[in-house]
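Subject: Structure handover

Hi,

Here is the structure I promised to pass on. Please open it beside this email and follow along.

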Amino acid sequence: MPVELRRGEPGTGSLTDPSGKVALDVETDGPWCAVVWNDPVNLMSYVVFVFRQYFGYSRLVAEQLMTQVHEEGRAIVSRGSRERVETDVQAMHSFGLRATLERAGED
């Protein structure tokens, strides 16, 4: 089940409202998406850390995305313009994660 979320400010920690609901709005400002792939190297806790640190996702959202990566082999972690998504993919590489750029709708 894909998890698509609105990006928060990096390092701010949470898109979860006080009621415990998770923001599930799709960021649809472009036809590109960043995909993070499962690998045998990175710990699940580290992947959650990266998603929280870089994208500003809540712990719950970051864990959902990490679970999707682990169980389905991949997860779309951001959408947007090509330039923005290229920046996201490059950032994922800098954290040591396997990530690629795709046109939205090719998954």
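The structure holds four aromatic pairs. Bear in mind that this is a predicted model.

One of the pairs is Tyr 54 with Phe 55. This pair is edge-to-face. The ring centres are 4.8 Å apart, and the planes stand at 85 degrees to each other. Another is Phe 55 with Tyr 57. Here the centres are 5.2 Å apart and the planes are at 15 degrees, so this pair counts as stacked.

Are these residues buried or exposed? Tyr 54 is buried, at 18% relative accessibility. The cut-off for buried is under 20%. Phe 55 is buried at 0%. Tyr 57 is buried too, at 1%. Together with Phe 51, the residues Tyr 54, Phe 55 and Tyr 57 make up one aromatic cluster.

Now look at helix 1.

Helix 1 covers residues 44-55, twelve residues in total. At 1.5 Å a residue, helix 1 should span 16 Å. The C-alpha atoms at its ends are 16 Å apart, which agrees. The buried residues in helix 1 are Val 47, Val 48, Val 50, Phe 51, Tyr 54 and Phe 55. Viewed down the axis of helix 1, they fall within an arc of 160 degrees, so they line one face of the helix. What do the buried residues of helix 1 pack against? They pack against strand 1 (32-37), helix 2, strand 2 and helix 3. After helix 1 comes Gly 56. Its phi is positive, near 80 degrees.

Next, the charged side chains.

How many salt bridges does a search of the whole structure find? It finds three.

Take Arg 59 and Glu 63. Their side chains meet in a salt bridge, at 4.0 Å from N to O. Both residues sit in helix 2 (residues 59-72). Because they are four residues apart there, about one helical turn separates them. Arg 59 is partly exposed, at 46% relative accessibility. Glu 63 is partly exposed as well, at 31%.

Another salt bridge joins Glu 102 and Arg 74. The closest N and O atoms are 2.9 Å apart. Glu 102 is buried, with a relative accessible area of 13%. Arg 74 is buried, at 17%.

The remaining salt bridge is between Arg 82 and Glu 86. The N to O distance is 3.0 Å. Both residues lie in helix 3 (residues 82-94). They are four residues apart, about one turn of the helix. Arg 82 is partly exposed, with a relative accessible area of 36%. Glu 86 is partly exposed, at 37%.

Which ring does Arg 82 lie over? Arg 82 lies over the face of Trp 32, at 4.6 Å from the ring centre.

Two places to start when you turn the model: the aromatic cluster that includes Phe 51 and Tyr 57, and the salt bridge between Glu 102 and Arg 74.

Best wishes

Key:
Residues numbered from 1 in each chain as written. Predicted model: local features only at pLDDT ≥ 70, side-chain atom pairs only at ≥ 80, totals over all residues. Heavy atoms only, no water. Helix = DSSP H or I, 4+ residues; strand = E, 2+ residues; numbered from the N terminus. Buried < 20%, exposed > 50% of the residue type's maximum accessible area, 1.4 Å probe, protein only. Expected span 1.5 Å × (residues − 1). Arc of directions from axis to C-beta. Contact = heavy atoms within 4.5 Å. Phe/Tyr/Trp six-rings, centres within 6.5 Å; stacked < 30°, edge-to-face > 60°. Lys NZ or Arg CZ within 6 Å of the ring centre and 35° of its normal.
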